[in-house]
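Here is a short tour of one model, meant to be read with the sequence and the 3D view side by side.

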Amino acid sequence: MEALYQQSLAAGAIDFVADFAEPLATYVIGELLGVPPEDHAWFHTHAKQVVQGLDPEVALEKTDSSIVRSRIRFVRYFHQLAGQRRADPRDDVLTDLVVDDGRHCDADARISDAAGPDEVISSAVLLLTAGIAPIVDLLSCGLHELIRQSRSFERLAADPRIAPSVVEELLRLQPSVQCPVRKASTDVTIEGTDIARGSTVVAVLGAANRDPAVYADPDQINPDRRRAGGHLAFGMGPHFCLGAAVSRLLARAAFIALAHREPKHLVEDLDPVYRMNLMVRGLERLPVQWVAGKSQDSGLRMT
Ligand code: HEM
């Protein structure tokens, strides 16, 4: 994080999405999976292509070109890396997927019991695609929200202990995954609405998270809310997000560090550019500049 900050400081004005949030999220997910540092630049380039492929519009336009090539490279790469981890286990998620040493779960729940080579690769690619985009969205939409509601940003800079509740508020206000889709397995009535078996149901998490019957003054960041964390940004039930803990940790560290840096909009009245994607909501661009003069080191570093 410190290296990224220094680079962007040297550049002056940056696009926070492309120059900060994406490299940071890719680095963290790459490290988690076990991508060696010397491959990080390669990983970042191709991860970006693979993640872009989630966007239906981009995927349709680029089906036969760069996205497909990056997917193929990824599959080959993870096949190779999985082989290395089998021979030489490390402390990373890929090792957990390929080596069954029973460290993590009881005998009924070992991941690697069920994971054949194809499942290992698809799990690695799933973690990559499910993980990077929503972290980028949380960092960039969260920063934009904090710039708009600068009182909370100032409070965070003055008291980093409120970071966990600030991050919960940012998750509530800016959930990246907007619309999980389900099929009703039986006839059911929810709050007076009949849903027939077989119907497709779309839950709009962004609306639930701003429900005025649940949250007073729902559009405001309020780190003092009693129900901080009661939001649906990570879903709920058996499909609750696998990456919630790492996302929370990373966002807390990032926003504490950024609060010390005092980022400002490059152009105050510039409308942020949102991606055209119904399912995964986020910013395409967020121009910021770092304000020099009060850049005390937060002491937080990603190593
Ligand atoms: C701010 C960041 C994130 C947000 C807002 C988010 C949001 C969500 C949501 C709403 C779901 C439930 C989808 C549904 O019910 O259909 C979900 C599931 C999932 N997430 Fe995340 N996610 C985030 C980060 C991550 C990360 C970092 C990873 C991996 C490292 C990850 C991996 C997954 C996986 C594998 C599932 C599927 C779980 C299952 O079906 O059992 N997510 N996420």
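## Around the ligand

Helix 8 is the biggest contributor to the shell around the ligand, giving seven residues. Helices here are DSSP runs of H or I with at least four residues, numbered from the N terminus. Helix 8 (117-148) and helix 12 (244-261) each supply at least two residues of this shell.

In total, 21 residues surround the ligand, and the closest are G131, P134, G235, C241 and G243. By class, the shell has 15 nonpolar, six polar and no charged residues; Ala, Val, Leu, Ile, Met, Phe, Trp, Tyr, Cys and Pro count as nonpolar, Asp, Glu, Lys and Arg as charged, and the others, Gly among them, as polar.

## About the model

This is a predicted model, where local features need pLDDT of at least 70 and side-chain atom pairs count only at pLDDT 80 or more, while totals for chains, interfaces and linings use all residues. Residues are numbered from 1 along each chain as its sequence is written.

## Where helix 2 meets helix 8

Helix 8 also meets helix 2: their axes come within 9 Å and cross at roughly 145°. Axes are lines fitted to C-alpha atoms, for helices over the stretch in contact, with angles from 0 to 180 degrees between N-to-C directions. Contact residues include L24 and I29 of helix 2, and G131 and I132 of helix 8; contact means C-beta atoms, placed from the backbone, within 7 Å. By class, this contact has 15 nonpolar, three polar and one charged residues.

Conventions. A residue is near a molecule or strand if its C-beta atom, placed from the backbone, lies within 6 Å of it. Two residues are in contact if their C-beta atoms, placed from the backbone, lie within 7 Å.
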